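Hi everyone, thanks for making time this morning. I'd like to walk you through one structure, and please keep it up on your screens while I talk.

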Amino acid sequence: MKKIEGIVPVMLTPFTADNQVDYPGLERLINWYLAEGVDALFAVCQSSEMQFLSLEERVALAKFVVEKVQGRVPVIASGHISDDLAQQTAELQAMANTGIDALVLVTNHLDPKNEGSATFYAHLNHLLEALPDTMPLGLYECPAPYRRLLSDEEFSFCANSGRFVVLKDVSCDLPTVQRRVQLAEGTPLAVINANAAIAWPAMQAGSKGFSGVFTNFHPGLYHWLYHQGAQQAEKAHELSLFLSLSAVTETLGYPKNAKIYHQRLGTFASEHCRVNKDNVLEKFWGLGVLLDQIRDGSQIWQQRIENL
């Protein structure tokens with residue numbers, strides 16, 4: 001069983017201008033992530049626009065990422081977007097056959113109407129029975145269609161089951177991350193924080209990495225923070241401030257703004273986005289300048305840590 005920890009980008013899905021998946025662009029994106037030193041890849045997630053992809057597209061994306069990565073880092077994927085339990089089962093079984101290293105369950109679909117733990121456990125136990133017991137599983141507190149955080153009891157049940165190897169924690173709350181790290185001690189479950197504002201203190205508290213949306217802008221800086229920050233605590237704190245402030249830009253049209261960023265890097269040919277149809281450079285004044293500043297600031301910080 002491969003460990004899922006470290007810096008785990010939530011992958012974008014590039015599209016052509018005529019709304020088809022841009023596989024050459026996706027291959028360039030995979031190579032960019034790997035060159036940045038990431039520890040795993042989260043294919044087919046909210047940043048991938050999974051709610052706007054057909055099941056065929058979701059499965060094809062996961063297979064493509066697995067094929068191109070060639071085992072260099074673990075690949076995990078979700079891609080179940082239905083509330084109906086039978087449809088979820090079919091979606092997850094299809095994804096389980098793509099060659100991924102862990103299959104990620106979305107917590108809000110385990111309790112679609114927010115009815116509580118009874119529904120959560122009923123759906124979860126059905127899926128545990130339906131999915132191969134050799135397939136490592138993950139959990140993702142995806143914010144859409146609503147953010148369904150795990151209770152401590154639900155978290156502990158999953159951790160102690162031995163089936164789960166990773167949680168993408170979207171609590172955005174340091175005490176919750178700290179508590180979950182303690183609850184998971186001695187189990188296979190790695191708690192990976194997704195909130196940039198608490199990325200560094202969460203790592204210090206035992207979070208096993210970072211899987212926030214700004215892994216699509218400067219994953220190499222997060223990689224240094226996680227793997228080497230403890231040896232350069234003052235510098236790590238300074239870097240964490242830059243990373244946290246940069247991530248505020250998420251509110252300005254993500255994921256399209258990330259696609260524009262990669263278009264400027266030469267990764268993507270098109271900024272086309274299914275989830276966001278806005279002209280975000282026009283809608284959010286100054287966004288273009290901010291994206292350039294994030295790129296320039298990332299380069300400055302990369303040089304600084306290379307010279308330490």
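Let me start with a term: two rings of Phe, Tyr or Trp, taking the six-membered ring for Trp, count as an aromatic pair if their centres lie within 6.5 Å. This is a predicted model, and with that cut-off it holds 8 aromatic pairs. One of them joins Trp 32 and Tyr 33, with 5.5 Å from centre to centre and 55° between the planes, which makes the pair tilted. Both partners are buried, Trp 32 as well as Tyr 33.

Now, have a look at Phe 217 and Tyr 261. Their ring centres are 4.7 Å apart and the planes sit at 50°, so this pair is tilted too. What does the pair tie together? Phe 217 is in the loop between β8 (209-210) and α9 (219-228), while Tyr 261 belongs to helix α11, so the contact links parts that are 44 residues apart in sequence. Phe 217 is buried, at a relative accessible area of 3%, and Tyr 261 is buried at 5%. Elsewhere, Phe 120, Tyr 121 and Phe 157 make up one aromatic cluster.

Let's stay with helix α11 for a moment. Is it mostly covered or mostly open? Mostly covered: of the 10 residues in α11, spanning 256-265, 7 are buried. Besides Tyr 261, the buried ones include Lys 256, Lys 259 and His 262. Among the elements covering them are α1, α12 (280-283) and α13 (287-306). Just past the end of α11, Gly 266 has a positive phi of about 95°.

Helix α1 brings us to the core. The largest nonpolar core counts 99 residues, and Ile 30, Leu 41, Val 65, Leu 103 and Phe 164 have the most contacts inside it. Helix α1, residues 23-35, supplies the largest share, 6 residues. If you click on Leu 41, you'll find it touching Ile 30, Tyr 33 and Val 65, among others.

Last stop, the pockets. The largest has a volume of about 570 Å³. Its lining has 28 residues, with Pro 143, Ala 194, Val 213, Glu 250 and Tyr 254 nearest the centre. By type, that lining splits into 18 nonpolar, 7 polar and 3 charged residues. The second largest pocket holds about 320 Å³ and has 17 lining residues, of which Thr 187, Pro 188, Leu 189, Ala 190 and Lys 208 are nearest its centre. Here the lining divides into 9 nonpolar, 3 polar and 5 charged residues.

Terms used:
Residues are numbered from 1 along each chain as its sequence is written. This is a predicted model: local features need pLDDT of at least 70, side-chain atom pairs count only at pLDDT 80 or more; totals for chains, interfaces and linings use all residues. Side-chain values use heavy atoms; hydrogens and water are left out. A nonpolar core is a set of buried Ala, Val, Leu, Ile, Met, Phe, Trp, Tyr and Cys residues joined through side-chain atoms within 4.5 Å. Buried means under 20% relative accessible area, exposed over 50%, partly exposed in between (1.4 Å probe, protein chains only). Helices (H or I, at least four residues) and strands (E, at least two) are DSSP runs, numbered from the N terminus. Contact means heavy atoms within 4.5 Å. On a 1 Å grid over the protein atoms alone, a cavity is a set of points where a 1.4 Å probe fits but cannot get out, and a pocket is an open set with protein on both sides within 12 Å along at least five of seven lines; lining residues have an atom within 4 Å of a point. Grid points are joined across faces, edges and corners, and a volume is the space filled by probe spheres set on the points. Ala, Val, Leu, Ile, Met, Phe, Trp, Tyr, Cys and Pro count as nonpolar, Asp, Glu, Lys and Arg as charged, and the others, Gly among them, as polar. Rings of Phe, Tyr and Trp (its six-membered ring) pair if their centres lie within 6.5 Å; planes under 30 degrees apart count as stacked, over 60 as edge-to-face and the rest as tilted. Lists of a residue's contacts leave out its neighbours within four places in sequence.
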